[in-house]
Amino acid sequence: MKTNPQTPRIPQVALLLETSTEYGRGLLRGILRYSRLHGPWSLHVAPGHLDQALPNANSWRGTGIIARIRSPIMEKVIRATRVPFVASSLKESRSATARNKFGEIRTDSEAIAKVGAAHLLEVGLRRFAFCGFANCPWSTLREKAFQEFAKKGGYFFSAHHLTLANWMQRPNWIESWQQEQPIMVKWLRSLPKPVGLMACNDVCGREVLQACATAGLRVPDDVSVIGVDNDEMMCELANPALSSVALDNEKAGYDAAHLLDGLMRGERAGGEIVWVRPTHVATRHSSDAIVQEDALVGVALQFIRERAKRAISVSDIADELRVSRRTLERRFVRATGRTVLNEIMCCHLKRAKQILLETDLPCHKVAVESGFGSLKTFNRSFSHHEGATPQNFRRQSKIMSLRLLNGPLKALPF
């Protein structure tokens, strides 16, 4: 049977992305969504970790590749195919170039660190620490941005580096961790308390929590911990559950597929970067603390956050605490640098953004659930503070629509 020359060829795209991490799974969900909407594409994927390989040359007539490159050897193999590709490098230390129709996926490590630092600052912490992987450029970038945040505020800062990286599946990582845990325990005990600690990712964050338990440190009272990636299973299995900076991996996967489509069609040049950016902090028990030297302000903060879904006023809080409004406002500004009214608005907006990102509730219900008196007030306040309407904020995130379209990828033999 002859093939109709007018029938367009279905692109065969190899996805060399790990299915063992939320980073890889999120990219895959976004790629799948693009394929469903703009394909069809024939997607070749092998479930696993970072040890990926190209499909068998005898059965695969590839037209494109999206990969997470672990080594220069793998990059050389991918380039040798002479097909367009979009790649995420574990190093992320070089600038993208236009050679060989190359596009790049890169995490915005500076923005990620700032979101994590702002979260820890928000709960009242004024001492900070960072734990990351040694000789790992993206971890180093996050550490530098986190340290710069602390430096600008005049806050204490300390850093610790792990040489192990079980996320890279080193065969001896358990032995390495047994050697490194006592060193981390000693470092954690030396930090002034309470301290807010950001880990470079969720794997590192879990190791920090294990070391805190060994050190006899209370989380979050002595050490508040936050990771990165928001790998829900990994975070919830931690003890206590790990807070984490969520990333728009799914949107990045969609954008990477869009870029690859343009490269395969010859409509886009190489050298473009698709950015993976932070969306919000998924707060769990590991950082669910309010730290204030002024006990009155601490109680006020707790009162505000417990009532984030209700409309409250400064007078309501003053009455609850049995102090004058003037006394409350003066002590609150002195302790936090923010007004009580600003804190109330911040909590309402934070709850609204979380609902917009994680549910499909209509905006009038989001307004009710986040403590705004009406949809009009909600739209006006949200637009003023966030620079976008609630509808556009949700649309731009694409998180909910990507999750709704999530489905299994068919694993093909390599």
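Modeller: Below we go through the sheet, then a helix. This is a predicted model, where local features need pLDDT of at least 70, side-chain atom pairs count only at pLDDT 80 or more, and totals for chains, interfaces and linings use all residues. Residues are numbered from 1 along each chain as its sequence is written, and side-chain values use heavy atoms, with hydrogens and water left out.

Colleague: What is the strand order in the open sheet?

Modeller: β2-β1-β3-β4-β5-β11, six strands with parallel pairing. Strands (E, at least two residues) and helices (H or I, at least four) are DSSP runs, numbered from the N terminus. Two strands pair if DSSP finds at least two bridges between them.

Colleague: Which strands stand at the edges?

Modeller: β2 (42-45) and β11 (273-276). Each has a single partner strand, so one side of each lacks a neighbour in the sheet.

Colleague: How many bridges join β1 to β2?

Modeller: Four. Leucine 15 stands opposite valine 45 in β2.

Colleague: New topic. Which residues of α14 are buried?

Modeller: Phe378, Ser381 and Phe382. Buried means under 20% relative accessible area, exposed over 50%, partly exposed in between (1.4 Å probe, protein chains only). Those buried residues fall within an arc of 100° seen down the axis, so they line one face of α14. The arc is that of the directions from the helix axis to the C-beta atoms.

Colleague: And what does the face turned away carry?

Modeller: The exposed residues Lys376 and His384.

Colleague: What comes just after α14?

Modeller: Glycine 387, with a positive phi of about 75°.
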